[in-house]
Every structure is written in structure tokens, then in C-alpha cells.
Amino acid sequence: MTRLPLGGAPGADGVPNAPVHTRDASVRGADSAAVALVAQLRQRLRRVVYVRAAIIGVATACALAVVLLLAARQWPGSSALSRPVVLLIPIAAGIALALVQSRRAGLVTPLRTALWIEEQTPAGFSLVTLVENTESAEHDFATGDARRLDPRARERLAVAFLDAVGGSARVEAQVDVAARALSRDRLRDPAAFGAIAMALLTWLILVPLTPAGIAGDSTRSGMPPDHTGTSAAVAPIGAWTVRVEPPAYSRLPMQQLGNADEVHALAGSRVIVLGAGAPVAGSVRVLGDASSAVLSAGGGAAAVDLGLSPPTSRAVVSVTADGWRAPLTVAPLPTELRLSRGGATRLLLVDGYRDSIPRVALRLPERDSVLRSATGRLALQATIHDDLGLASGSFELIVSSGEGERFTARTVRIATTRYTGARDVMLRGVLDLDSMQLGPGDIVHLRAVARDANPARDRESGVSETRSLRVARPAEYDSVAVEPAPPPEVDKSLLSQRMLLMLTEKLEQRRPRLARDVLQSESRNLARDQARLRLAVGDAVFQRLSGESSAEHAHTVGDGHDHGVESVGGKLAMPGGVSATGMLEEGDDSPVIGINTPLLEAYNAMWDAGRALELSDTKGAIPHMRVALAAIERARAASRLYLRGMPPVVILDLDKIRLAGKDTGATNVRSMRAAVLPRSKVREARLLAAASMARTDAPAARDSVAVLRVESLGDAPGFASALVEVIERLRAGGDATEAFVRARRVLGGMSRANDAAWSRVGPP
Amino acid sequence: MSREPFVFATAQYDSGDWDSAPMVPANVIDAIARYTSIPVRPQGVTVPLASEVIFGYPLLFLTGHLPVRFTDKEAEVLREYLRRGGMLFVDDHNHDVDGAFNKTVREEIRRVAGALAPLPNSHELYRAYFVFENGPPTTSHEMNGWGDNLVHEQLDAVLFESRIAVLFSTKDYSSEWSYHPDNKRFLSVDNTKFAVNIVVYALTR
Amino acid sequence: MRRPLETVSRTIGVGALALALALSLRAPAFVAPIAPRALSAGALADSSGIGAARELSRLLMDQGQRDGVEGDNRTGRGDGSVHLTAHMTVQHVPPEQVRATLAAATLAGVSLGWTDSSGARGLVLAANAVADPQGGTIARARADVQAPLVMRDAASTLDSVATAPRGLVVSGARLSGRIEASVGRSRAEVAVPEPALMRRVLLFARPGWEAKFVTAALEERGWNVDGRLLIARNAFVTTGVPLVADTSRYAAAIVLDSGVVTADALSRFVRQGGGLVLAGDALLGTALRALQPAALDGQRPLVLGALLTDAPRRGLDAWELRPQPNSVVLARESHGTHSDPTVVVRRVGNGRVLASAYRESWRWRMEGPADGIDAHRAWWSALVSAVAFVPMPATRDVKRSAWPGDAAPYADLVARLGAPIALPTVRARSEISADAWWRATWLWFAVAAVALLVEWRARRVRGAP
């Protein structure tokens, strides 16, 4: 142990601390007071150095952390700016700098302290001399040089010092003031620097906790980066709660789905994901339609781009009192909400569906009609159904008038009815033909229209089929070429024929239980009814062929007139016929044949049916009756073909006009069609990628398959259901190979053969 | 030599006057024979829109004056026809954008194929054979102030993967081309040449 | 007591030394030059081949040392090289690197015999890229045993068949990683090939729905089509940039109408290696008759309404084809008890020619079932793929082409090492005894050393010098 010549325990730096113990009582007093003053001041100055070093260290660490954090945000994917780097480098640098700075405390020696005191209170270097000798004694203690200075001389020096500065109390006061000034001077700049750095750092740490900060952090790529911008470690994202708020117009209740991974929601709904703990980073992606993927036009084989991805948008995540909240407005497409925290990512798949437009069916009038006069009232009736709720329904009428090249049209809505959410309604109305002021040739196009409560501006209305009501022109009934349609006689016989058919079918069912005579009686009754209908149809045919009504000039078979119809064994036959395809071709057939051929067929089938019924052969009659019914329906359809009469027939002699034109066209380049990549190919590639991933990263593979499943729900439900098994296997942590194989088989795309005669792929 | 000639088909729909331009088919056929070596059947056919028969005629002409309301079956068949690669050429015989045909058929087309959009006059349709620098040729009905008294600068179309699926004209070619082909000799300029472009486009694109 | 112990110890030590000396002098007599050295199963199992190489080199050094001791008398070779005869028993067909190592050893002069106890049988697997813009692979496997054949890739099983007397072909699939086929203990493996290098298609046709929809089908599938449709005299509608048929630009030419082609140019194109598809009315002309793989026997009547059935092509107009003797029928139509060929191919020069009987295939797309569009595309793409010229990739791996490799591992082993031989049991036993004797020599030295140490220690205790 080093011992001071002036006695007392030495300080850590070898300077005697007060109280000073001396071996010589004569050196007490002024000497010890001066030395104590120096020692105290020296300690004080050393503290200033240490504090300054600490401030500089902290300030440097904060400043470096600020720089690294900013860099980490600029390059979020950089591994060089990972969390340990951002944490450790500033701390290490701060400590290192603080240590370097603290080494300057060693420069605060007693001699420099004494010099500084004399600088503040000049005393002819008596104190310096005293301390120098003390220091010399200290340093030369081993050699015994300290004993060279006479204690009395030291006392004198001390006394001289105290005299020069005006006493011990005064010098202490002066030194104290000077030391305070020095401390302020030395600590002010580092403290300011440190405060600024700490403020910046605090701001950077706190700012990401706001929603905007998080959102901004997650928009750089489709896959949101983990929320590692802060130095604080956060827990991985865990369970959440999903709430679905359907749009108000739907009147559907709010749903709480718990910790769901998939949501089936109406488009326009708000899906809100709520979670606890630190906020999450998130992104929203509308899952793409794979059919839009195309091959590049000139790329050839390797140009299949499976990486097409719809744009990703940011998820708005806000902080709540007990965690975070991520709302999402549901689009009418599968959507993926990806939320990340603490290195973990979870997906919420939202399967958005549209509400359907109302389904409208017009019940009355049942069919198109031709009116002789536009008078009276017509009952209208339509059934309307909507999946969520109706807002309104009405009948829409377009009345067109005119002929040739001059037509006018007006649109009228009647029986407009408001609904408040009803799903199934019967819309009724009455069309007052008198008030419509319809003229000959006018056509009323009538349909029912309904809107649901969806407030979208471009929302489509549901519409029924259109019925047309035509007001006949008087001249129509005087013309051979223009046919009235449909003739009332045929309409009546249509209904009667159907009734007759039903009655015959019932009789056939009852036949085993009936007595022979009862059966014969009922069957003959039916045969008589059938004969009446047959004659009615025959009248219609003759009316058409002669252009005269049967009332004015009744025609019958064998009446001697040339109808263009021959009677062969009770049946009617007509020369010529329609084309085998049933399609009317211009110039081939007359309208008369076009209409009457099915009626003749009906007539003859009725004749066969009547004969069978006369013989009580109900089973044999039914096929003929069906033929007759079908023929009458065809006649109804055919009668509408020539409402406006036959166009003139133009026969072109192509050989004569071939390339006779004076002008010649130019050689032109046809644009190419874009390649269409089948969805199955894209899905196959994605399924394979997921299958490969399943071995190394099962959760990621599960997410991929889940996304694929949601995308396939619409057009490939079989494949989607096969993927359910894959997801379940992956979730359970088991081997999903078999499930992948099944999904792959459902997807198809492979052909298999047992022969390899040709070295290439053959046609499928 | 290919056995199968081109057949011009007119769509017959349940509502309206589908046969309002009976001379158009003959005139179009005449133009095809007059200016090209494309094999063509001398007479057109009329095919019901509600029947799958239309699938055998990948170019279909539809016109009329009256309101058009497709039945469910007609809409279903037409939708499938267009998806498979058919092309529907619709002409407004009223030449009236406020006319019943125009308004209703646009609505029906939107329901079946999507909304109509103006077809640029630089489209390859106008260069498919004859070159029409200024887009669709003007009709005499436009010049004479019939219908809406407008000269329509463009045709409208619905494109499927950049090919024309539905071509819609308010220029009233139904009236313009509805005359006997023999009368072409009285015209200084044959006004049916644009029909050749439509047919060549349909046959090659 | 100590003295007898010293005596016994000394005796044992000297005896053991003598015995060890005698054994060491006799040891080479156990390793006759004709006796093969055995390669261990562990060395063969090391897929890197390093294990086998180390063991072979050890055997070679070992052999070399002994040859050096004994001179040329025992090896019978005067050129100073080392001759090694080795044998191995193959429990599993060794991996490719090991096979390559063993083959290198045989090329270096090692006589390497092997006995097959693997139970593996002949199995061959091949995979080629399908000549289709949408890619895909055609993988074929064939085995000569009546056992289930399984084919799989890295993702999952592709297909399996109970027996494969005519092989198993899986085509069109997009495969991942490597393709593997296995039958029993035989296993073959090949890498999924790179996509084929695709060239354009040249179309010869007149304007019409068939030309339009064939072009559309091919373009929608991803093919680039060149063609020129004659609209009028000197007026065409061109697709792409049609040039002279040449394999530098075109993979195949499609002719839909025989009246628009030049036979000489097409014949030259095919003999270069190009593909030619003659469809429908293209089979009518006489110009291309020399190239046709089938002759016409008349017209096959279409079945009305068949376009909407499961066999829609029966609803198309078609020719009846009579295949030429050297042709292959790729597709048939069944009609009750018999079937008619509808797609026939043959090789002409370096190229391939295909005849398709169907005349108006566009009706399949327009009038067929709902999936008619996709089916029509796939059909036409397959027709072109079946004959398309596909240039070989510039980076062909010539090193592997000399051997079957993993595509047929068993055959590869036979090709590299020769046929397996019966197990040489006697030689193997002599090897083992020789090793044992060598170990015994060192044991006797140890015994001698211990005995002499005991003797020396006993003498020290006794105080004797």
C-alpha cells in the first residue's frame, strides 16, 4: 500500500483524502487545509468528466440508433438492418465512446487541479508548489524523496497560499463558483446533443404505433414485412375475433365469428378483425382470376407467367383501448387479409358474394296476343323473389306505333309498388287498354320489373320475359299473305288437346281396374271429343288455305274445292313440305305450308288417336295425342314467323357476279389472338408449389392451399372440396400427400396411356 | 377446295320485327361474290335466336325497328354463341338513338355480353378488306336527316379478348342495303362494300 | 517362485515372437493375386461416390504395397501398374455417382465383378418436354416384370398401373422436381426436362370458318401462327409474317386445303425435320399424296347429334382413312365391334406427317358441348405437337448421353460394369482368413512384448542384472 508523506489514507488516485492524518503535528493546519481543498476539487472535476462521458455515450447511442432505424425503414427487407443490429450497434458504440471519454478523468491530477485553483485565485503558485511537492513526494515515495521537503516549508507555502487568497472559506467559495461554471460549460453541449438524439429516437419509436405508420410500413410489397421497425420485441400474432357487419340495406344481423380463418360475407359488408396486444401490420389482396393470365404473344413455350398477381392494398389497422382493429369492406370477389406481428402471419380469407338481382316471372298475360280491338282491361300478374329484400316492382310497357320506316315508342310504368324488404311478392296490376289509346298496328311490349334494396347506382333491375300485345290492322284479315296469329281455334284446341291427353292417360292408369264395357264407353267419349277437335283443326287449315273464314264459306274434305290438300284414307296430305331441319329458309317454302304443315300433322295424329280410342286402345292413342299436341305448339310458333309477310325472294347468280366488282380490297394483316391460359394450368402449378412447400413450411403451404380453395369455389367446386382435405391434413400436421394426389386428380390435366407407339403426345 | 361456303344468317328473335330488312342478306351476299373469291351460298338463312342452330352460323345479323326483348332462352343461347366465338352484327333500322330498338337492344346486349363501347375508327375492321379511313361509311339515311337526324361517327362494339363479339350500328345499314342487288348498277359507289369488311373480319379474326 | 516365472515368461515371449515372424512371412500366401477384394456395402451406399472411391483407392494402395513386396511374380504384370480384382455384392442398385466411380475404376484397369442380390429388374423411365406452348411433360416408363408400376414426381404420385407390359405414359402434366418410377425394388429417376423450344406454325387454307377457328384455337393455346388467306385476286389477309416453310422458323405446317400449297416446298420442309398436318380436305389433293400417312377410302357418315355427346368428333364430317404400312394410328373411332382410324402419322425423312380425317372441326367448338372450346384447342395443339419440329437445346448434356443413367439404373450398372456374376464364395472366405491372420500376427507380437516385460521386471525385483 502506498502511503503519503503527509499521512492519511491515500485516495484512489494517490492524493491524500481529507481528513489528513499526519505523523508530524506541526504540518497540520494550513497545509492540510490546502491539500484537502485540492483533493475535494479534484474529485468534483473527475465527476464532471465521468458525467460528460456518460452523456456523450448515451447521446451517441441514441443518434446511431436513429440513423439505423431510418435506414431500416428505407430498406425494410435488408438483413443487415435486422433487429439485433439496430439494438446492439448503438449500445456498443455508446459504451465504447463513454469509456474513451471517461479515460480523460486520469488527466485531472492534483497538480492540474492546483493550477486550475491558482488560475481562479492567483497565489503566486504557492499552492502549486505545495501540491507539486506533495505529488513529488507521492511519486518518489519509494525512493524516500518526499522527506526532502521540509514540513515547515510546506506549512509556509500553505500559509502563503491562504494569505494570498484571503482565507480558506473565501477560496472555497470562489472555487465552488468556478467549478459550477466549468461543469455547466462542459456538460451543456453533450447534454443538448443527447437530448436531441433521445427525442428523435423516442419519436421514431412512438410514431409506428399510429395506424398511418403501420400502414405505410406494409405497402412496399405484396407480402407485408414483419413489424420489426421498433427495437422492442413483440409477441407473434395470435387469436383474433372476426365480426361481420352486413350492409344496412340487407337487414341481415351482425355476426360474431370468433377466431375464424375464413368468412363468407355479402359484398359491401364490413369485416372487422379485432385482436389484443401490440398492433399488427396488414395488407389486403383481392385474389385474382386465373383465367386472365395470358401467355405473352411472342414468347413461345416458356412464356407462361404464373406470377400474375392482382394489386395489393394496405390494410388500415387502428389501435384500440385493448388491442387493435382491422376493418375491411367486402368486395364481391375472394379477398385475402394478411396480418403480421412478431414474425408470424395469419390469413383471413373473405369470400365475398353479390346479392342476386330479383327474379321476376310474368304470370299474366300468359302468352303473346293479337287484339282485334284495343279495348277492355287486362289483368297483369307477376311473381318476384329476391334473396335479401325487394324495394319496388312495376309493370313496364313500351308502346310502339307506326310502320314502314316511321315508328314511335313510349314507355309507361304501371302498378308501381314499394316494398320494405319483402322477399317473395305477387305483383298485380290492371292494364286499361282504353286509356292506352292504342291504334291498329300498335304493339305493347309488357314486362315486370323489380328492384331490390341494394342502393348501388349501377344496380341492375330484375326483369321478366316480355309479352307482346299487338293490335291487329283491319287489312290483315283480308290478306292471304299476312297471317293472323295465333288463331283462337288452335289455342282452344291446344288446351283441349292437352286436357284430352290427360284424360286418356288417367283412363289408361285406371284401365286394369275397369270393366270392359265401362272402358269402351269412356274411351269412345274421348274419341268423340278428339274427333271434334280434329274437325276444328281441319277448319283452321282450310281457312288458311282458302283465305276465307269457315263461317262465310265452309270448306271440308272432299268438298270439291282445290285446297292444295288431299285426303288419303281419312288423313290429309299436302304436296311439298318444310325442310328436314325445321328451319325455314328463304324462298324455299310458302308461308302457308310453313304454318299448315304442323296443323296437318296434328290433324292426322288426332285421326290416329281417335281411331285408337274408338277401339278402346288408350295406350296406343297416347303417343298420337302427344304428337298432335307438339304439332299444335309448333303451329303456334310458326304462325309468328310471318307476321309481316314474306320478303321478296332474290335469286343471285353467283357465277355471273363473281369478282365482277370494279374495286379490289387491300392485303391486310390480321391481329393475333392472345393466348388463353386455362385456369386449371395455373391452379396445377400453384398446387404443385404448395405440395413442395408442405415438406418444409406446412403453415405456408396451408395458407397457399386455402387461398387456392377460395379462388376455386366459384368455378371448380369439386377441386375446392378436394382442397379442404389437404388443408385439414396440413392443419393436423399429418402427411398430406394422399390428399394432394386426390386434389391433383380432380384438377385433371394429365392424360395417361399404356402404349407408347409414337414418340410424341397424341391427340386426346 | 373447301367444301363449305359462307352462309349469311339473319337472327329471328321473338319480339319485334326481325325481318324488317329482307333485302339485306341478298345484297351482302352479292357484295361478297362481287368483290371476293370467298365461297358463299347464294341464299341466306333465317335462324331463330332461341335455338342452338345459330351456333352453326358464326356471323349473325340482327335488325329491327321495334323494341327488342330477348327471352331467357334467347339470351342464354346468344351468350353461349358469343362465348364460343360467334359474332353478332346489330343494326338499328330506326337510325334513332332514342328509338325503341336502340334503347332496348342496347340493354339486352348489355345483359347478354356486356356494355357496348365506341369502336375506334382505326380498328382493323375498317381495313379488313376495303380501307375506310374515316371509319364506318355514312348512309344516305344519315345524310337525309332520318331518324335522329345525326351522322354517327363511330360504331359501337363489345370486345371479347380484343375480338369484336357484338358490332352495333346506329347508321341504319338495314335501310341502306335493302334494295335489289341488280340495282347496284345504278350506283356510282357501291354502298355495300362495308358489308364485305364485316364478313371478312368475321371469317378471319 | 520368481525364477520359474521368469522362465515361463521368457519362453512365452520368444515363442510368440517366433510365431509372429513365421506368420508374417507366410501372410502373402493368403492373398493370392486372383483373389478379389470386397467392396463394402457402406461404400456402395454413399451416394456421393466418395466412399466407393476411397475404398477402391485403399484397396489399390494395399494391393500396390503387396505387389511392391512381391515384385511382378504374383501379379503377372511387367508394366509396373497395379492390378486389382475386386468384387462387390449389390444389395441395392447403387446411385449414379457410385456407378460412375465404379465405371471409372474399371476403365482404370480394375477388374470389378459384381453379384446381384438386389432383386431389381429392368426398368426404364424417360421424360420429354411436350411440344406445346403451355408446357408439360410426357413421361414414359416400362418394366419387364409383372408388378405394379408407380410413377411420381416431387409433389405426388402421378399414376400407377398394376402391370405395365406395354409401359405407362403420363403426358401433359406440369411436373415438379424429378420424376421417379418404381417397380418392386427397382427405381428409376429422371429430371423434369426443360420446356421445349417452340417455333411457329404455318397455315395453308382458304378463308372460312375452319381456317378461322383452327387459327384461333392454336393462338389461344399459345402457338404463333403465320398464314395467308386469299380473299380475292392479289388480296390477302395475312396472319403473322408467312415465309417459306423452313425448320429455322416453323415447327409445323398445317394444310386445310390442298389447293393452296406447293408440294415441293412442303416435302423439303418435312424431310428437314418439320411437321406436317394434313386435315380434312387437304387429303383430297394429289400433290401431297406421297407424304400422306393414309389414303382415303371414302367419306365416313357423321352421326347426327353426336356433337353433344361424349364422342363429339363423331358428329363431324370425316374421311375414312386407310393407314399406309409404315404409319402409326394415333386416334380411332369406335363403331360397335370395329374402330376406324381418324388420326394417322408417319415419318418422312427427318420429319413427321399427320393425317386427320375430320373436315369441319370448327363445329366441335361452336356446336359441341360446353367444353368444346377447350377440347378443340387441345385437339389442334395435340395434332401439331405430335409432329412439330423441336430443336435440341443448345446445352445438351453430352456427358450423360453415353449411359442410360438414372433413367434405367439397373441397365446403367450392367452397361458400365458388365453382367453380374455368381457370388465367389471361396475367394471371399480366403480374404477374410488372410485378414484374420494378419491381425493374429500383431496379437502375437503383443503377447511376446508383455511376456518379455514380465520377465524383465521379475529379474529387476530379484535384483538380477
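Q: How many salt bridges are there between chain B and chain C, and what makes a pair count as one?
A: The count between chain B and chain C is one salt bridge. The term requires a side-chain nitrogen of Lys or Arg within 4 Å of a carboxyl oxygen of Asp or Glu. Glu4(B) and Arg363(C) have their closest N and O atoms 2.8 Å apart, so the pair is called a salt bridge.

Q: Which elements give two or more residues to the side of chain B that touches chain C?
A: They are helix H2 (72-84) and helix H6 (193-204) of chain B; helices are DSSP runs of H or I with at least four residues, strands are runs of E with at least two, and both are numbered from the N terminus.

Q: What does the model rest on, and how is it numbered?
A: This is a predicted model, in which local features need pLDDT of at least 70 and side-chain atom pairs count only at pLDDT 80 or more, while totals for chains, interfaces and linings use all residues. Residues are numbered from 1 along each chain as its sequence is written, chains are lettered from A and ligands numbered from 1 in the order in which they are written, and side-chain values use heavy atoms, with hydrogens and water left out.

Q: What is the area buried between chain B and chain C?
A: About 2400 Å² is buried, and carbon and sulfur atoms give 54% of that. Buried area is the accessible area (1.4 Å probe) that two parts lose on being put together, summed over both. The contact (heavy atoms within 4.5 Å) takes 26 residues from chain B and 26 residues from chain C.

Q: Why does the salt bridge of Arg44(A) with Asp176(A) tie together parts apart in sequence?
A: The closest N and O atoms of Arg44(A) and Asp176(A) are 2.5 Å apart. Arg44(A) lies in helix H1 (residues 30-74) and Asp176(A) in helix H6 (residues 168-206) of chain A, so the pair links parts that are 132 residues apart in sequence.

Q: How do you know that strand E4 and strand E9 of chain A pair?
A: Pairing needs at least two bridges found by DSSP. Six bridges join E4 (residues 270-275) to E9 (residues 323-329), so these antiparallel strands pair. Leu274(A) has Arg325(A) as its bridge partner in E9(A).

Q: Why are strand E2 and strand E8 of chain A said to stand at the edges?
A: The open sheet has the order E2-E1-E4-E9-E8. E2 (255-258) and E8 (318-320) each have a single partner strand, so one side of each is left without a neighbour in the sheet.
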